[in-house]
Amino acid sequence: MSSNAMVSRVENDTVLVLERVFDAPRDLVFKMFKEPEHLKHWWGPRGWEVPVCRIDFRPGGVWHYCMKCVDQNQGQFYGMESWGKAVYKEIVEPERIVYTDYFSDAEGNSNDSMPSTKVVLEFIDLGGKTKLVNRGEYVSAEALKTVMDMGMLQGITETWDRLEERLNEVK
């Protein structure tokens with residue numbers, strides 16, 4: 001494990017800000033969020049795979065994906081599928097991606113009983129390294145608490161660890 005730990009903070013009770021420095025150039029880190037063949041290798045917590053990953057990478061385009069638990073040690077989660085859908089609002093390559101993230105079903109219908117999130121990803125060039133800043137804006141403090149109680153921080157930490165491993169493989 002590297003020393004590039006994730007830093008998290010909450011602003012205004014509704015915005016979760018996550019930051020981490022990756023030892024890889026900005027163009028490559030950006031590409032990891034753009035191309036399905038990369039995302040399939042690192043998206044999601046450990047023990048989960050991405051059997052479905054469809055991306056229409058443009059403003060108004062949709063990223064529809066499925067995460068499936070393939071780790072028998074995760075007990076009740078084993079075999080479970082979690083579908084998600086992101087609708088891109090703004091893309092400035094290789095600086096930022098703005099999208100709204102929804103829980104969805106296999107057909108791509110949003111699950112309105114679960115909170116959606118406005119996500120702003122910033123890719124900051126640190127001369128060969130990249131600082132990734134992820135701002136998740138929730139509709140309410142309750143919505144943010146809901147996803148935190150679901151273990152989202154651990155999930156994102158593991159996801160970004162996997163991103164770092166993928167970067168090390170391809171750079």
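This tour moves through the structure one selection at a time and says what is found at each stop.

The model is predicted, so local features are described only where pLDDT is at least 70 and side-chain atom pairs only at pLDDT 80 or more, while totals for chains, interfaces and linings use all residues. Residues are numbered from 1 along each chain as its sequence is written, and side-chain values use heavy atoms, with hydrogens and water left out.

**The annotated domain**

Begin by selecting residues 23-167, which UniProt, in an unreviewed entry, lists as "domain: Activator of Hsp90 ATPase homologue 1/2-like C-terminal"; UniProt positions are given in the numbering used here, feature names are shortened, and annotations may be inferred rather than shown by experiment. Over this stretch the chain is 28% helix and 38% strand, and its end C-alpha atoms are 8 Å apart. Helices (H or I, at least four residues) and strands (E, at least two) are DSSP runs, numbered from the N terminus.

**Helix α4**

Next, select helix α4, residues 152-170. Its 19 residues should span 27 Å at 1.5 Å a residue, and its end C-alpha atoms are 27 Å apart, which agrees; the expected span is 1.5 Å times one less than the number of residues. Among the buried residues of α4 are M152, I156, W160, L163 and L167, where buried means under 20% relative accessible area, exposed means over 50% and partly exposed lies in between (1.4 Å probe, protein chains only). An α-helix has 3.6 residues a turn, so residues three or four places apart point the same way. What covers the buried residues of α4 includes β2, α1 (26-34) and β8 (130-138).

**Aromatic rings**

Now show the rings of F22 and W160, whose centres are 6.0 Å apart and whose planes stand at 65 degrees, so the pair is edge-to-face. Rings of Phe, Tyr and Trp (its six-membered ring) pair if their centres lie within 6.5 Å, and planes under 30 degrees apart count as stacked, over 60 as edge-to-face and the rest as tilted. Because F22 lies in strand β2 (residues 15-22) and W160 in α4, the pair ties together parts that are 138 residues apart in sequence. Both F22 and W160 are buried.

Move on to W63 and Y65, whose ring centres are 4.6 Å apart with planes at 35 degrees, so this pair is tilted. W63 is buried, with a relative accessible area of 3%, and Y65 is buried as well, at 7%. Ring pairs link W63 and Y65 into a cluster that also includes F30, F33, W42 and F123. The structure holds 12 aromatic pairs.

Select T100, which lies in strand β6 and is buried, with a relative accessible area of 11%. Leaving aside neighbours within four places in sequence, T100 is in contact (heavy atoms within 4.5 Å) with residues including K85, V87 and T117.

Then go to N111, in the loop between β6 (96-104) and β7 (117-125), which counts as partly exposed at 32% relative accessibility. N111 touches F103 and S104, not counting residues up to four places away in sequence.

**Backbone details in two loops**

Which peptide bond is cis, with omega near 0 degrees? Select E93 and P94 to see the bond from one to the other; P94 is found in the loop between β5 (81-92) and β6.

Finish at the loop between β1 (7-11) and β2, where N12 lies. N12 has a positive phi of about 55 degrees although it is not a glycine, and at 68% relative accessibility it counts as exposed.
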